[in-house]
Amino acid sequence: MTFAELGLHAAVLKALADAGYNEPTPVQAQAIPAALAGRDLMVSSQTGSGKTAAFLLPALHRFASQTPTAAAPSTPNFGRHAPRGRSDRQRFSPAQPKMLVLAPTRELALQVTAAADKYGATLRHVRAVAILGGMPYPKQMQLLAQNPAILVATPGRLIDHMESGKIDFSCLETLVLDEADRMLDMGFIDDIERIVAATPATRQTMLFSATLDGVVGDMARRITRDAQLVQATAVAARHDNIEQRLHFVDDLAHKNRLLDHLLRDTSIDQAIVFTATKRDADTIADRLNVAGFAAAALHGDMQQGARNRTLNALRRGQLRVLVATDVAARGIDVPTITHVFNYDLPKFAEDYIHRIGRTGRAGRNGLAVSLVNHGERFNVRKIERLTQQEIPVNVIPGFEPVRRSSPPSRAPGSKPGGWKGGRGNGEARSGYGKPGHSAEGRTGWGGARDAQNRAAPRDTAGRRSFGDR
Ligand code: AMP
């Protein structure tokens, strides 16, 4: 299957060839024809699957077909139409986007905007801008004054602009909810409902989410009409080009020693270390800097400018280690990230897939290493069940856990079958102790967290939280 066979416009095909894309990914092959036919979509897919192009390409195709590519940049609804300058402020006409993409985080929104620029590079009249929380309002007013065809936004800030009359959705043709499950997890449901209500009923709606279960599935069905269901999760969730490993740790000191050792691996080009809390991200980044690593933190408490500077430093190779929380790291697409370390396991099993997908980009291989307390074996099992892959346990001589940890028990016949331990990649495998060995331990987390797990409420997608930290 080629992009040309999907029926995309020649201008879009040229941009794809320039981007070096030879063939559609599975989610693109399924979603694009349905979207071109005008169908609504409910797509279950992960980041890294090529989902961004799956929703951008059909829209760009339509823009290319509507207006000649050589059109002047001042084409109504595409070019700048609002007068600039103080005295003209009263005459500001609202932006009338044709496509709106809602994204949960600033990073993802910027990533989508960059992708729209790349895939739409041959369509000079099509502008994509990002409207984000944390960005100065005057700058956003300037962007809106360009009357972009594509608006990419985080829900909260978009509502602010809608309320002040800066945006008019009467010309909107396509609405995309990217990582809808995450937006609901972040509490954006009311904002999303308001935004959807402000768009024309004639719109085409495409919803992308890691899961279509629970509340997110209900919302998807409510806001789409006769949607084509596309499911690409199972394939994408496997990340077959990413080797996974697990190290059991006894306590924080053990974990920190092991992380320092692992980060000295010379095969690391760049690495992301994931932490559960913003404070840990800061603390660990500081500690790694003192230890001589070029490290920086990335989390949601940082100003947008600081986040952008950190990401640019990562892209330019000035940083070797990024220490990040889940939300901040979503959407990071830097091909030179060779390693991902889970200093803490993620709160939701789905986030593990997002995290490890930060490595192994653009067809390369990657290594994802999780540092796991003995009391977190249950959470490891959940991840393994989701990915249908077991995570081999590794032990590095000199860093053996003092406690012997029993393998995560599995129901007979459950997948993946049987716990087999390490891969024998030059490192000794841990010998496991007695089955049923107590999970409570000296980690300071295990017991309390296990109790949390049992009582953990389900989130918006019906997923059970591993417990807040
Ligand atoms: P996404 O899932 O949209 O974040 O895309 C993941 C990565 O795959 C990005 O680096 C894209 O540039 C890349 N990509 C998307 N579609 C294709 C394709 N058809 N061929 C090669 N790379 C692609």
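Q: Which residues does H61 touch, not counting residues up to four places away in sequence?
A: This is a predicted model: local features need pLDDT of at least 70, side-chain atom pairs count only at pLDDT 80 or more, and totals for chains, interfaces and linings use all residues. Residues are numbered from 1 along each chain as its sequence is written, and side-chain values use heavy atoms, with hydrogens and water left out. Contact means heavy atoms within 4.5 Å. On that basis, H61 touches G7, L8, H9, V12 and L36.

Q: Does H61 count as buried or exposed?
A: H61 sits in helix α3. Buried means under 20% relative accessible area, exposed over 50%, and partly exposed in between (1.4 Å probe, protein chains only). At 18% relative accessibility, H61 therefore counts as buried.

Q: How many helices and strands are in the chain?
A: Helices (H or I, at least four residues) and strands (E, at least two) are DSSP runs, numbered from the N terminus. The chain has 469 residues, 57% of them buried. Its count is 17 helices and 13 strands.

Q: How far is the polar side-chain atom of Q28 from a nitrogen atom of the ligand?
A: A polar contact is a pair of N or O atoms within 3.5 Å. The side chain of Y21 has an N or O atom 2.3 Å from a ligand oxygen. A backbone N or O atom of G50 lies 2.7 Å from an oxygen atom of the ligand. For Q28 and the ligand nitrogen, the distance is 2.8 Å.

Q: Why are the buried residues of α8 on the same side of the helix?
A: In α8 (residues 189-197), D191, I192, I195 and V196 are buried. They lie on the same side because, taking directions from the helix axis to the C-beta atoms, they cover an arc of only 130 degrees.

Q: Which elements do the buried residues of α8 pack against?
A: The face turned away from the buried side of α8 carries the exposed residues D190 and A197. The buried residues of α8 pack against β2 (99-102), α6 (155-163), β5 (174-177), α7 (180-185) and α9 (214-223).

Note on methods:
A polar contact is a pair of N or O atoms within 3.5 Å; within protein, one must be able to donate a hydrogen and the other to accept it, and residues adjacent in sequence count only if both atoms are side-chain atoms.
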